[in-house]
Amino acid sequence: RTGLEWLGRPADEVIGRRIGDVLRPLAYERRREAIEQGLGGRRVTFEAESVTGDVTRILHYAYIPDIESDGHVAGLYGLATDVSALKNVEQQLSRLVRSDVLTGLANRYLFNEALPLALSRARRAQSGLALMYLDIDHFKSINDSLGHAAGDEVLKEFAGRLQQSVRATDTVARLGGDEFVIILEGVNNVDEPQVVARKIVANVARPLQVEGRSLNLTTSIGIAFRRAIVSADAATAEALLGRADAALYEAKNAGRNTWRVMAEDVLVEEARAA
């Protein structure tokens, strides 16, 4: 009865018919290889999506061959289990593990996954990549004077303004505290990440209302730019992050509310807020 409900068909359209005549063509094609393996005498397990009307289920299948005494495979038995709820929980847990609870951005865990992948894509495409390291100027004084609740509101607003300043394909992550990073892919010269930095500085500077008080935020940005990615290992990712951090230090020494760029290990002196 459950199988009939999942198929959305009456018994007389199912019993005594071949599976290829019962399933929709697309559903059958997705299962064809597993069916062939089962009819070849192998036990097969897999997961597949099942759609009935407006209900979508994730089903876990086990195909067990019906092997007769002479070794002939007469057919196969199929056991399907609805694992939709389990998959939803797994997806929610995965999002929680990889997302910053306060801002909804990627967290350090996801950033550590995303940067090597971005480096690999840049190497294959022979394109440049920029990593931006940012923090909020004088954030500690906001926490000390207004309290941590206000500080949290500032962090959430800051995160939103960063996302508004970049492309949907760029990765924005919060590493912790008021430290943020942005991965810019497909950049071809040192000027392109500076255009983004200028936009971020302008967006962050817009007046912000927190608990009835108007705040004027500024940010300092360190940028590490690589025109060519030779390797995409952990050492390359760590080195890039270190150079972005060094550039951030230079931006703070320059008076904050600005950016500095480390391009191919050389500080770009002309980088400045306009």
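How many nonpolar, polar and charged residues does the lining of the largest pocket have?

1. The model is a predicted one, and the points below should be read with that in mind. By class, the lining of the largest pocket comprises 20 nonpolar, 6 polar and 7 charged residues. The space in this largest pocket comes to about 970 Å³, and among the 33 residues that line it, Leu7, Ile19, Leu23, Tyr61 and Tyr63 are the closest to its centre. Two or more lining residues are given by each of the elements α1 (2–7), α2 (19–22), α3 (25–39), β1 (44–52), β2 (55–67) and β3 (73–82).

2. On the surface, Val89, Leu93 and Leu96 form a nonpolar patch, and together they have about 290 Å² of accessible area.

3. Two backbone angles deserve a careful look. Most residues other than glycine have a negative phi. His138, however, has a positive phi near 60 degrees and is not a glycine; this residue sits in the loop between β4 (128–136) and α6 (139–146), where His138 is exposed, with a relative accessible area of 51%.

4. Arg256, likewise not a glycine, has a positive phi of about 65 degrees, and its place is in the loop between α9 (234–253) and β10 (259–263). With a relative accessible area of 32%, Arg256 is partly exposed.

Conventions:
Residues numbered from 1 in each chain as written. Predicted model: local features only at pLDDT ≥ 70, side-chain atom pairs only at ≥ 80, totals over all residues. Heavy atoms only, no water. Patch = residues over 30% accessible without salt bridge, like charges linked within 9 Å, V, L, I, M, F, W, Y side chains within 5 Å. Areas by Shrake-Rupley, 256 points an atom, 1.4 Å probe, with all protein chains shown as cover. Salt bridge = Lys/Arg side-chain N within 4 Å of Asp/Glu carboxyl O. 1 Å grid on protein atoms, 1.4 Å probe; cavity = no way out; pocket = protein on both sides within 12 Å on 5 of 7 lines; lining within 4 Å. Points joined across faces, edges and corners; volume = space filled by probe spheres on them. Helix = DSSP H or I, 4+ residues; strand = E, 2+ residues; numbered from the N terminus. Nonpolar A, V, L, I, M, F, W, Y, C, P; charged D, E, K, R; others polar. Buried < 20%, exposed > 50% of the residue type's maximum accessible area, 1.4 Å probe, protein only.
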